[in-house]
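This briefing concerns a single protein model and its ligand. Please read it with the sequence and the coordinates at hand.

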Amino acid sequence: MLTQLRLLLLEDAPADEIERRLPPDELEALYAWHGKKEGAAEAFLSLDEYDEKASALLYRPGRRAASGRRGKFIVLEGLDGAGKTTHIELLRKRLLSDGRSVYATAEPTASATGGLIRDALSGLHPRAASELAALFLCDRIQHNINPKNGIKGFLEAGTDVICDRYYYSSLAYQGIDSDIGWVAQMNLGCPDICTPDACIFLDLSVEKCVERMAKERVTAEIFETEEIIRRVKRRFADTFRMCNDNENIFIVNADREKEKVSAEIYDIVKGIK
Ligand code: TMP
């Protein structure tokens, strides 16, 4: 389970704001970790790698709901340009070489609804945020239950599913211009939408995401501006606050060598029983 400190770091909150907004027990723990009050949050912000003691400030032991499924359902999330495609492929290969059966998939899907979504994202057919939220919901339901290559079928057959984006993206992206509570209710309350065993968020600064996108993309989609990405990142923090009690959410520092990031993702997935 993520601590409030981890969520504030995700929001890129400055040190003084962290000290102001942290609950008293976490603030005490932060001071104890640093050995003194002065500059404790600042010292934490400047750390790239966390030792065991520091990582206890970021995560609390969480519960895993018994899913009754045989395959593991892993979602990778992140801002545009955070490296999801690369890390999904690396994870897929590692799980395959462990002898597991793996299905990698993505949202929006290639369904007819996915096509409507792509037209909206490219700006060809503009849609209101609520319309987009509904289209993503419809696409996600299909993605779960369609009999040919639905997520539920794979999990029940013992295949691991790795999904590039899921309902967390709906809450974060549609939640900036529509009501996040409404988007959450539709998605989290839908009986045909499976809860993942883990959501792994690749955390990269807004500046780095924008830089990577400028290098990699030929055309920009509607959410690919620095201002929107900044708002989406804060919405991801709100999203994880909402899901934190009932789900396994991990935030991985993606601003490191590819091998280190990939090893951490693999360890998280191996840890899911
Ligand atoms: P991607 O294929 O590059 O990840 O792009 C998908 C875009 O769709 C990305 O900008 C995030 C956005 N998106 C939403 O707005 N809501 C959603 O529910 C999902 C899955 C994606």
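The points below cover the ligand site, backbone geometry and selected residues.

The model is predicted: local features need pLDDT of at least 70 and side-chain atom pairs count only at pLDDT 80 or more, while totals for chains, interfaces and linings use all residues. Residues are numbered from 1 along each chain as its sequence is written, and side-chain values use heavy atoms, with hydrogens and water left out.

**Ligand site**

- The ligand sits in the largest pocket. A pocket is an open set of points on a 1 Å grid over the protein atoms alone, where a 1.4 Å probe fits, with protein on both sides within 12 Å along at least five of seven lines; a molecule sits in a pocket if more than half of its atoms lie within 2 Å of its grid points.
- Two or more residues of the shell around the ligand are given by each of helix 7 (112–121), helix 8 (129–145) and helix 10 (167–173). Helices (H or I, at least four residues) and strands (E, at least two) are DSSP runs, numbered from the N terminus.
- Helix 10 supplies the largest share of this shell, three residues.
- There are 15 residues around the ligand, of which D80, R140, R165, S170 and Q174 come nearest; a residue is near a molecule if one of its heavy atoms lies within 4 Å of it.
- By class, the shell holds five nonpolar, three polar and seven charged residues. Ala, Val, Leu, Ile, Met, Phe, Trp, Tyr, Cys and Pro count as nonpolar, Asp, Glu, Lys and Arg as charged, and the others, Gly among them, as polar.

- An N or O atom in the side chain of D80 is 3.1 Å from an oxygen atom of the ligand.
- For R140, a polar side-chain atom lies 2.9 Å from a ligand oxygen atom.
- For Q174, a polar side-chain atom lies 2.8 Å from a nitrogen atom of the ligand.
- The ligand taken alone exposes 480 Å², and the protein buries 91% of that; accessible areas come from the Shrake-Rupley method with a 1.4 Å probe.

**Backbone geometry**

- The peptide bond from E107 to P108 is cis, with omega near -5 degrees. P108 is placed in the loop between strand 2 (102–106) and helix 7.
- R165 has a positive phi, near 75 degrees, although the residue is not glycine. R165 belongs to the loop between strand 3 (160–164) and helix 10, and R165 counts as buried because its relative accessible area is 11% (buried means under 20%, exposed over 50%, partly exposed in between; 1.4 Å probe, protein chains only).
- D12, also a residue other than glycine, has a positive phi near 60 degrees. The loop between helix 1 (4–10) and helix 2 (15–21) contains D12, which is partly exposed at 44% relative accessibility.

**D197 and its contacts**

- D197 lies in the loop between helix 11 (180–188) and strand 4 (198–203), and is buried at 5% relative accessibility.
- The side chains of D197 and R69 are joined by a polar contact of 3.4 Å. Such a contact is a pair of N or O atoms within 3.5 Å; within protein, one must be able to donate a hydrogen and the other to accept it, and residues adjacent in sequence count only if both atoms are side-chain atoms.
- The D197 side chain also reaches the backbone nitrogen of F73 at 2.7 Å.

**Other positions**

- L124, in the loop between helix 7 and helix 8, is exposed at 65% relative accessibility.
- K260, in helix 14 (residues 258–271), is partly exposed at 39% relative accessibility.

Methods:
1 Å grid on protein atoms, 1.4 Å probe; cavity = no way out; pocket = protein on both sides within 12 Å on 5 of 7 lines; lining within 4 Å.
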